[in-house]
Amino acid sequence: MKLLQIIILFIFIYKVSYCQTNNNDTIKIKQITISDKKNIKETSIIIQKIDSNIIAEETNNSLSELLSKYTPVFVKNYGKTSLSTVSIRGTATSHTDVLFNGISLKSPMLGQVDFSLIPNNLFNNISINYGGSSIINTSGALGGNINLYNKINWKNKLSGVFIQDIGSYTTINSFVAINTGIKNLQFSTKLYNNYSKNDFTFKNKNISTIDSLSGKYIYPYQKNKNAEFYQNGFFQSVNYKKNNITLSLNYWHQNTNRAIPRLNTYEGNDYSNINKQNDLSNNIFFKSTYYKNKSKINFYSAVINKQINYKLKNYISGNGYYNVINSYGVSNSLYNKINYEYKFSDNILISTNYSFNYHKVKTKEIIQNNGYNKIRKENNFYISLYNKTNNRLSNSIIIRQNLVDNKIIPIIPFFGIDYLISKNNDLHIKASVSKNYNIASLNDLYWQPGGNPNLKPEESRSADISLVLNKKTNKIFNILFSATYYYSYINNWIIWLPSPLGYWSPYNINKVKSQGIEINAKINYTINKIHIFANANYSYTSSINKGDSLIWKDAYNKQLPYIPKHSGNIFISIKYKKYYINYIHNSYSERYTSSSQEISRRDWLYPYFMNNLSFGKMFNIKNINIDLKFKIYNLFNEEYRTVLGRPMPRQNYLLQIKLKF
Amino acid sequence: MINKLYILLLISILFITSCMDDDSIYNFNRLKTREPDYGVFVINEGNFMYSNSSLTFYNPKTKQTLNNVFYNTNALPLGDVAQSMSIKDSTGYIVINNSGKIYIINTNNFKYTGKITGLSSPRNIVFINDYKAYVSDLYSKSLYIINLQTNTISGNINIKHTSENFIKYKNYVFTNSWSYDNKILKIEVTTDKLIDSLDVGKQPNSIIIDKNNKLWVLSDGGFAGSSYGQENAKLTQINPENFSIEKTFIFDDINISPFDLCTNKNKDSLFFVYGNWSATQNIQNSGIYCMSIDDNNLPANPLIPSNGANFYSLDINPYTNNVYVGDAIDFNQNGIVYIFTTKGEAVDTFKTGIIPGAFCFKK
């Protein structure tokens with residue numbers, strides 16, 4: 001009883017104090033969590049592992065929602081289920097890669113990943129490598145990379161999960177997974193279907209009619225029209241293990257149809273300006289691992305097919321509907337990677353790999369008949385050495401050499417050290433320096449009209465230093481704390497600019513100096529049958545335009561648009577017997593929509609404070625474990641926007657039932 | 001017991017107020033002003049899909065600028081990609097392309113008095129008489145007929161092509177079909193019928209009429225790699241009476257894509273602009289060009305070189321004869337307008353909103 005009162009009080013105090021310190025430069029957040037066993041490869045790497053409590057809370061949601069609520073990754077959200085772009089450490093979406101079992105999901109055509117299309121419940125393991133630490137996994141992820149894995153439970157015989165959501169605005173999500181297996185062979189089948197009409201009502205403050213009598217403005221209440229989201233998918237995994245060989249084959253199919261709502265300034269023909277996008281993907285992933293004494297060989301192979309169709313429809317009375325834009329993009333990619341690892345001793349590990357990737361991309365805009373048809377071949381070499389010099393000091397050296405269409409991309413180096421300051425507290429200091437290159441996407445190079453085949457790769461130099469504490473006092477209290485300072489300088493940053501001739505072109509015209517602080521804490525605490533888990537992040541991001549001041553004029557030395565300086569989040573989960581309650585707070589400071597930080601009320605994206613709450617009960621009926629949960633989104637019923645011209649839903653609900661056997 | 005606590009918790013939440021200040025976007029002291037009968041409006045496009053287009057008012061006598069006048073007066077954003085503005089008496093019609101509407105304002109105090117809604121992708125408006133106007137459309141192959149008394153769409157004229165600018169001459173309206181097209185269309189205003197069409201260079205982007213009542217059309221020639229094909233840009237003189245081409249000037253470099261053809265106060269000179277627009281082009285001598293309507297050659301050198309500026313829009317004040325040039329800078333910050341005499345001497349410079357794309361001159 002007291003505890004709950006305290007929680008309510010805490011939420012209240014926290015909220016009030018947060019609101020009062022809107023523009024304050026210091027945001028204090030108390031932090032917390034549990035840690036995993038250290039892998040020598042991860043010693044000097046800055047990696048954040050997403051706790052299983054969080055993955056469970058965000059089941060049936062997309063990766064963009066998970067990243068935005070529980071990590072320092074900033075997500076620019078255009079509305080529920082619609083496009084979202086992410087930014088790690090003040091970089092662009094194209095600077096964040098997503099790897100599934102080691103294979104990049106970044107579209108060679110777009111040069112980025114659509115995070116709102118990746119469902120969380122396909123993966124049981126999610127982690128983030130920040131900045132230069134991504135070089136261990138991939139190249140070109142100047143901001144960082146997200147790793148998605150599926151860990152296999154080899155002891156499984158028969159198990160399954162069924163999750164059903166029913167929520168506001170006709171949101172219906174279903175997920176079912178069946179896992180069967182014997183000692184050496186495991187099968188897993190997952191099926192999902194997500195739908196949301198997303199037609200919330202909002203007061204439109206961006207348009208009004210004038211009352212003819214009083215002259216007063218009447219702001220209409222409107223529905224968020226043309227915003228449906230429909231996604232279905234199928235995931236099949238077969239895993240085989242015998243002696244020192246593991247084989248894994250995954251097939252993933254997904255089809256997503258989205259309508260992109262109009263801006264709330266639109267007052268045109270109600271049947272015009274209808275935007276629809278279809279994203280279809282078919283992926284096959286194969287991985288084999290062979291162990292022998294001190295060595296390990298991994299072979300990866302993947303075939304990824306992605307298709308995008310974007311349509312803009314208008315309507316003319318008398319003529320009916322007609323497509324104004326009907327654009328197709330198809331990419332077929334083949335990934336092959338062979339990795340060899342040799343452990344000289346417990347203290348020295350060498351890992352090397354070669355990968356060959358082949359991409360074939362075809363785009364076509366049917367109405368004007370513009371498009372391109374291009375092939376890209378990548379030959380990538382990688383070598384790394386992990387060395388533990390003594391009990392306290394270890395270091396890693398990584399070198400990558402990429403050849404893209406037989407052109408040499410400069411060497412990508414990484415050097416990191418890790419020093420154990422205190423054994424009792426498992427307190428480490430980590431530091432690293434690196435250089436990275438991100439090649440332009442095929443659309444950047446060849447898009448018709450406007451593509452620029454002369455684009456150079458974007459170049460980043462970065463350094464970071466981090467303090468990591470992992471204190472396990474006893475079974476009842478655990479804390480994982482980390483604080484990082486990073487610095488990076490990105491040259492030849494690619495930006496698309498419009499022209500008076502009606503099309504856009506990309507240029508290597510920006511230079512960006514990005515630096516900041518990231519603080520993460522996780523706590524596990526158990527007292528009197530009450531288990532508390534908390535996760536909190538705070539980050540300070542300064543991402544400054546250092547381009548040519550003659551070109552950039554007032555934008556020189558200003559924060560990049562849409563990057564908040566301060567951002568933070570808190571997740572608290574309390575379990576008591578069969579009951580639990582989760583509280584999620586997420587906030588960030590104001591963002592600018594112009595490159596020169598013009599302050600106008602019209603363009604103001606005020607500080608964002610979002611609160612969500614969920615609670616539920618877990619119980620068993622026979623062998624079935626049931627979890628019944630109720631979620632309240634936008635707890636305080638905020639009326640708000642996070643980008644211009646797009647309203648967001650007010651308080652809304654979701655009921656979820658999860659059956660597990 | 002736990003259940004009761006949940007209820008308690010939920011109730012407590014109801015007493016907590018929200019803290020994001022969304023009402024601040026319309027709760028503020030609005031601009032109340034009375035501007036003179038002369039002046040210049042700058043129509044700032046803003047960024048596509050940002051809804052941040054805006055209206056700037058410049059007083060050439062006091063050289064004072066008011067930015068964001070529509071929003072500051074009406075507490076409403078102008079919309080997404082404001083395209084053009086035309087004035088009829090003291091009423092301004094602002095065409096907002098990606099918001100499918102036209103805002104009607106009082107040009108002296110900027111107060112919004114009405115709107116024409118339900119359009120698709122409107123570009124420009126031309127007033128035929130006190131009761132009727134036409135609106136062009138980027139995608140639609142018909143013109144809208146507007147009833148100016150009720151501010152509603154009263155019909156369509158099927159012109160089989162898209163439309164852009166308008167020139168009114170006698171009983172006709174001429175419009176250029178710019179996007180992936182090469183047509184000048186002649187519409188009779190009494191019958192609202194397309195009566196003739198004429199082929200000019202690819203992508204005619206602007207059209208004017210000179211003192212001898214000849215039409216001039218500037219075609220940019222399309223772009224490299226376009227399925228529609230690219231050709232050298234052209235400047236064409238047309239006789240509107242018999243609707244035939246009388247003169248054609250061809251630009252010698254295929255990469256040159258000139259636009260924004262306009263004429264001076266006496267309507268005896270032509271002005272246009274070109275720059276380094278596509279990433280693959282390397283245009284020397286970009287800037288603002290000027291020629292007499294009687295010249296036999298295209299001008300070789302710019303009257304006003306761009307010197308690295310992003311000249312995005314050009315127009316000439318028909319009342320003062322000054323040249324107005326919009327610079328979009330990086331397309332994501334407030335732009336600049338440079339004012340010159342028709343001889344190229346600098347007069348003044350002022351800041352605008354994001355992407356100054358068009359001008360509208362008030363007496």
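Chain B holds 2 helices and 28 strands, where helices (H or I, at least four residues) and strands (E, at least two) are DSSP runs numbered from the N terminus. This is a predicted model, in which local features need pLDDT of at least 70 and side-chain atom pairs count only at pLDDT 80 or more, while totals for chains, interfaces and linings use all residues. Residues are numbered from 1 along each chain as its sequence is written, and chains are lettered from A and ligands numbered from 1 in the order in which they are written.

**Overall build of chain B**

- The C-alpha trace of chain B spans about 90 × 45 × 45 Å along its principal axes.
- Among contacts in chain B with a separation of 6 or more, 42% link residues 24 or more positions apart; a contact means C-beta atoms, placed from the backbone, within 7 Å.

**An open sheet**

- In chain B, 4 strands make an open sheet in the order 3-2-1-28, with antiparallel pairing; two strands pair if DSSP finds at least two bridges between them.
- Its edges are strand 3 (64-66) and strand 28 (356-362) of chain B, each of which pairs on one side only.
- Strand 1 (residues 39-44) of chain B meets strand 28 of chain B over 6 antiparallel bridges, and B:Phe41 has B:Cys360 as its bridge partner there.

- Strand 5 (residues 91-96) and strand 6 (residues 101-106) of chain B run antiparallel and are joined by 6 bridges, with B:Ile94 bridged to B:Tyr103.
- The hairpin of strands 5 and 6 of chain B has 4 residues between the strands, and B:Gly100 takes a positive phi near 60°.
- Strand 6 of chain B also runs antiparallel to strand 7 (residues 112-116) of chain B, through 4 bridges, and B:Ile105 is bridged to B:Tyr112.
- This second hairpin has 5 residues between its strands, and B:Phe110 in the turn has a positive phi of about 70°.

**Nonpolar cores**

- The largest nonpolar core has 88 residues, and B:Phe41, B:Ile43, B:Ile94, B:Phe271 and B:Ile288 have the most contacts inside it; such a core is a set of buried Ala, Val, Leu, Ile, Met, Phe, Trp, Tyr and Cys residues joined through C-beta atoms within 7 Å.
- Strand 21 (residues 269-274) of chain B supplies the largest share of this core, 5 residues.
- Another core of 73 residues lies apart from it, with A:Leu117, A:Phe285, A:Ala302 and B:Met20 among its members.
- Beyond its neighbours within four places in sequence, B:Ile94 touches residues including B:Ile43, B:Leu55, B:Leu78 and B:Ile105.

**Where the chains meet**

- The contact takes 62 residues from chain B and 71 residues from chain A.
- Helix 1 (residues 2-14) of chain B gives the most to the chain B side, with 6 residues.
- That side divides into 28 nonpolar, 27 polar and 7 charged residues.

**A covered helix in chain A**

- Helix 3 (residues 63-70) of chain A has 7 of its 8 residues buried, including A:Leu63, A:Leu66 and A:Tyr70.

Key
Contact = placed C-beta atoms within 7 Å. Nonpolar A, V, L, I, M, F, W, Y, C, P; charged D, E, K, R; others polar. Buried ≥ 20, exposed ≤ 12 C-beta atoms within 10 Å, placed from the backbone.
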